Every structure is written in structure tokens, then in C-alpha cells.
Amino acid sequence: MTFRKYLVLSGVTLFAAIGDSLLARGMKQVGNISLQRLPDVILTILNPWVALGIIFLLGFFAAYMTALSWADLTYVLPATSLGYVLLALIAKFLLHEQVTTTRWLGIALISAGVGFVTQGPALTRHPRDQKEASGDRLAEPGGTRPVGTRMDP
Amino acid sequence: MKHAYTWGAVLAVVLASTTGDVLLSRAMKQVGDVGELWRHAGLLTVAGRILRNPSFLLGILAMAMAFYSLLFALSWGDVSLVAPASASLTFVANAVAAKIFLHERVDHRRWMAALLVAGGVLLLAA
């Protein structure tokens with residue numbers, strides 16, 4: 001894991017939490033949407049908070065796809081779940097919601113889970129996987145075929 | 001009866017978003033390291049290779065289904081039940097699906113992480 005990769009994982013976490021908060025704020029202004037008038041949903045993107053939220057969520061998606069291109073799904077999901085913690089903190093300090101003891105306990109559990117998974121390797125190496133070892137883990141037996149074949153156009 | 005509808009919709013969210021995550025993850029593993037590819041071949045090649053990947057398109061479709069199922073679940077049940085229940089079940093379902101379909105090595109550490117995060121998400125909503 002390089003610094004750049006940790007940066008991408010932070011991007012996944014931050015963009016998702018900020019995007020969701022912006023959407024929540026915008027949708028509170030827009031008000032209820034009924035299923036009978038679903039086309040109204042399209043008009044909600046005219047709300048600046050919602051529009052900004054969508055831009056952040058697009059950033060989230062790009063970072064998420066980048067992370068999945070070099071790390072396992074079972075690594076990326078827990079590693080970026082700090083976003084839930086961030087959402088709780090945003091709720092407390094920006095939206096002035098009450099954070100109960102149970103919620104702090106939930107935050108502790110999530111942080112523990114993040115700690116667990118980031119201690120381990122980020123990518124499972126299969127014997128037929130021809131990708132170059134990126135240095136955070138020794139190549140496994142059978143993984144010594146020529147590198148670069150995957151990159152052929 | 002409303003209860004059954006809510007949980008049915010939550011189940012649909014979990015299934016659809018797990019399918020989506022697995023397909024997107026498979027697609028990106030086929031595309032390869034995006035950062036490296038970008039440096040070698042440029043952004044257009046990266047975008048083209050991602051957008052022409054069948055798993056990616058199916059994954060997006062599954063994610064859209066998950067989103068609409070979530071809307072239905074929310075219209076039947078409380079947000080404080082539906083959102084954390086589907087998020088936390090999705091974490092566990094993803095660990096199982098990644099092991100079966102993506103052949104990821106889900107060791108004790110990753111099981112613990114998935115369960116801790118799932119439990120934490122439930123507590124956040126309690």
C-alpha cells in the first residue's frame with residue numbers, strides 16, 4: 001500500500017460522507033417526494049445542495065472504482081466504513097443531532113473493524129494472477145509468470 | 001403484512017447491492033490498476049475500457065435496482081430501521097459473496113472486520 005492508495009481510500013470515505021450529508025440537507029429543503037409524482041425527482045437536482053451532493057457522489061464513485069482496481073472488495077468496504085463515523089460526527093457538530101452512548105459504541109466497533117482489516121494484505125493473489133507484486137506482500141508460489149501480459153492492448 | 005413488505009424490500013436491497021459490488025469489483029480487476037493504466041495509456045483508454053466492460057454495466061444496473069428497492073423499502077418502513085439493516089446485512093453478504101464469486105481470501109481478520117462494522121452500523125442507528 002502506497003501513500004497514493006491511502007489517499008484514494010480516504011477519498012472514497014470523505015466523498016461518500018460529504019455527498020450524503022449534502023443530499024440530506026438539500027432533500028430537507030425540497031421536501032417530500034411522492035411515488036405518484038416521480039418525475040419531480042428530476043427537478044430536485046436544481047437544488048444547489050443536491051447538485052453539489054451529486055458531484056461529490058460522482059467523485060466517490062470514481063475513487064471507489066479506482067480502489068477496486070487494486071484492492072479486494074472485502075478490503076475496500078470495511079476500510080472505507082469510517083464514513084459512517086464521519087457522518088455521525090457531522091450530525092453532531094454541524095446538524096446538532098444528539099449522539100448517544102450506543103452510537104459512540106457503534107463508532108468504536110466500526111473503528112475496530114477498520115483497524116483489523118487495514119492490518120492485513122489488500123489484495124488476494126491467485127496463482128494465475130499475473131499482476132506484479134506491489135511490495136506489500138511476498139509473491140506466492142506460482143505467481144512468478146512474466147508480468148505485464150494483462151496490460152496488452 | 002407491512003412488516004413482510006419492508007423486510008422483503010430490505011432483502012432485495014441486500015441482494016441487488018451485493019450483486020452490484022461483486023460485479024463492479026470483478027470489472028475493475030479485469031480492467032487492472034487504474035493509476036498504472038492512466039499513466040501508460042491515458043484517461044480515455046481507462047474510461048473506454050471501463051465503460052465497455054460487461055460486468056461494469058451489469059453492476060451499474062444492479063446498483064440502480066438496489067437504489068429503487070431502497071426507495072420502496074423506505075416507503076414501507078422507518079428509515080432508522082431500513083437504512084442500517086440493509087447497510088449492515090450488505091457488509092456480511094459481501095464478505096460471503098466475495099469469497100464464493102471473487103475467490104477472495106476472507107480470513108479471520110476480514111470476517112471480524114465485516115462483523116464489527118456490521119454491528120457498529122446497527123448500533124449507530126439504535
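Predicted model: local features only at pLDDT ≥ 70, side-chain atom pairs only at ≥ 80, totals over all residues.
## Confidence in chain A

Chain A has a mean pLDDT of 77. Of its residues, 77% reach 70 or more. Among the elements of chain A, helix H3 (residues 48-70) has the highest mean pLDDT, at 93. Helix H2 (residues 40-43) of chain A has the lowest, at 74.

## The contact between chains A and B

Chain B gives 36 residues to the contact, and chain A gives 32 residues. On the chain B side, four helices each supply at least two residues: H1 (2-31), H2 (34-41), H5 and H6 (108-125). H6(B) provides the largest share, 12 residues.

By class, the side of chain B that touches chain A holds 20 nonpolar residues. Nine polar and seven charged residues make up the rest of that side.

## Helices H4 and H5 of chain B

Two packed helices are described by the angle between their axes and the distance between the axes. Helix H4 (residues 54-76) of chain B packs with helix H5 (residues 79-101) of chain B at an angle of about 145°. Their axes lie 8 Å apart. The crossing of H4(B) and H5(B) is right-handed.

From H4(B), the contact uses B:Leu70, B:Ala73 and B:Leu74. From H5(B), it uses B:Val79, B:Val82 and B:Ser86. Five of the residues in this helix contact are nonpolar and one is polar; no charged residue takes part.

Methods
Residues numbered from 1 in each chain as written. Chains lettered and ligands numbered in written order. Axes fitted to C-alpha atoms, helices over the stretch in contact; angles between N-to-C directions. Left-handed = near helix turned anticlockwise from the far one by under 90°. Contact = placed C-beta atoms within 7 Å. Nonpolar A, V, L, I, M, F, W, Y, C, P; charged D, E, K, R; others polar. pLDDT = per-residue confidence, 0-100.
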